[in-house]
Amino acid sequence: MTKFLMVRAGWACKGDELGAPRLLFKSVAARSRGAARSETQIGNDISNLEPVRWLLKSQFDRNVVVNFEIQELMFDYIFSHLGVGTEGSVEHPIVLTEAPCNPLHSRQMMSELLFECYRVPHVSYGVDCLYSLYYNNVLSNLTPPHTGIVLSSGYHCSHILPVINGRLDAGNCKRVNVGGNQAASYLQRLLQLKYPGHLAGVTLSRMEELLHEHSYTATDYHQELEKWRSAEFYEQEVHRMQLPFSAKGLGGVVSVEERQERRTQQLRRLQEINARRREEKLQQDQERLDKLLSVQELLEDGYLEQFHKNLVQLNMDSAEELQSYINKLSLVVQQGRQRLLQASEMEQPMDEGDGVTEMDPDFSEENAETEKHVQPVFNMAEYHQLFVGTERLRVSEILFQPSLIGEDQMGMMETLQYVLARYTPEQQEALARNVFLTGGNLQYPGMKERIERELLAMRPFQSHFQVMMASRPAVDAWYGARDWALEHPPGGEGWISRQDYEEKGGEYLSEHCASNVFIPMKIAKPVPRPAETLLVPITTMTAASPDSVSASPSTVTSAPTQT
């Protein structure tokens, strides 16, 4: 699992070696504002995502392509790394995956990009999880048409897709806005709260590496949390992760001489800070005293009006109050000068051991040797370790309880129950007999057992159901698209030719067993409003001419809009 969607590209060839994905990279581009197109880094060319994360851009908004400028860069990257020349045209048919119930505008822009920019001969669109279902049904030698329900969870979101007689029932598809992205972010948040001293080390890239390698799904979430209360269970199941650290300068136990030197330096720094503060305080008091004395001189010189104005500014009422403040401040200034003088006389060069005993009365030469052995050894490597405990099961639980991350929506199994409730009991039985799990975010250990337990709780007594996990949940969609392309040559069912694009438009979709389906939607016509009479004021015209039009009341009726 990675922070961004993964692009898998290759050739539709027979055999597991030749027919495997030849190119695997993150669908992300790094380009700063105003940079040239040639300076854009794409996919695996970005060695480290963290320093340039603020520059990263993707063509996806959730799982729908919306940024076709980035999508064009992705196609250029794919064709160049597969050895396909793009000068003039790409003379190869292309199979693309798209989101369930993909918006028509997105498909229109994608078809326009492929047919107009790259001039491909044929294009086919399909849903990734339906390709995975197609591939696993072929492996299991199941005869079509198939009926079942697909649970798919990827990077951005999860889907529940019912399949009736080999075709997607798009009207009852549902989406849950929880996926691998939210799981990685939740794991990062948990560990940053647990280890506030390692905020910079707990990055999203590291969390994505930990996600599928160390997380698992609990069959009973609350019962599993109770097990973690046991110290013995915790020691057996906790996983320790080592963060990068530098061992330079780690000397183990600090010697007595070194600690004495550090304390001496600290004492000197404190003395310098205190002396500087005394000087600043004495200077402020002297400036205040000089100001008060200058006001008193105005009284002595007979400038009564100016004297009273300055008294008001000083918030004083009389000359006696002024004299009292002057006496007090003079005493403070005199005492401050004496302290400063005494401190400067007491400051003498200290030996390495001078003053240390005064700062630490408990320290003596008698217990110096003992303290060498009592002092615990600080292991910097252990300080940079992350103990991943209950976080291992919390991150996958958000699929069943999205409220853990603040999402106000149903979990995946509640949504499945809602979808099944929209069918007749006979259809529900047929759908529950083939529950298919696919997608990279369902690879947690224990996921199949958890879904079976949830189905057992929601299905009627003595009803039958079967849960099947994809053989390779993350890549079966690619292999399914490959097998479908080999079995259905271009020009037949499921393919869109350039002629179809020019005649029927970019929104045109040729349906097949793993594609989206066309849903005719009835748009209600607006109800005709009663005729409205618009009164136009009559104007008096002084001179008549053939071109003049007499102003008279007119009636305008609104006609219903044709849809």
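## Reading contacts, cores and one cysteine

Tutor: Taking contact to mean heavy atoms within 4.5 Å, residues 24 or more positions apart account for 70% of the contacts in the protein with a separation of 6 or more. This is a predicted model, in which local features need pLDDT of at least 70 and side-chain atom pairs count only at pLDDT 80 or more, while totals for chains, interfaces and linings use all residues. Residues are numbered from 1 along each chain as its sequence is written, and side-chain values use heavy atoms, with hydrogens and water left out.

Student: Which residues touch the most other members of the largest nonpolar core?

Tutor: In soluble globular proteins, nonpolar side chains tend to be buried together. A nonpolar core here is a set of buried Ala, Val, Leu, Ile, Met, Phe, Trp, Tyr and Cys residues joined through side-chain atoms within 4.5 Å, where buried means under 20% relative accessible area, exposed over 50%, and partly exposed in between (1.4 Å probe, protein chains only). In this structure the largest such core has 42 residues, and L151 and I451 touch the most other members. Leaving aside neighbours within four places in sequence, I451 is in contact with L151, F400, M412, M413, L437 and V467. Another core, of 31 residues, lies apart from it and has A9, F79, L82 and M110 among its members.

Student: Is C101 buried, exposed or partly exposed, and which residues does C101 touch?

Tutor: C101 is partly exposed because its relative accessible area is 40%. Not counting residues up to four places away in sequence, C101 touches A170, C173 and N516. C101 and K174, 73 residues apart in sequence, are 9.8 Å apart in space, C-alpha to C-alpha.
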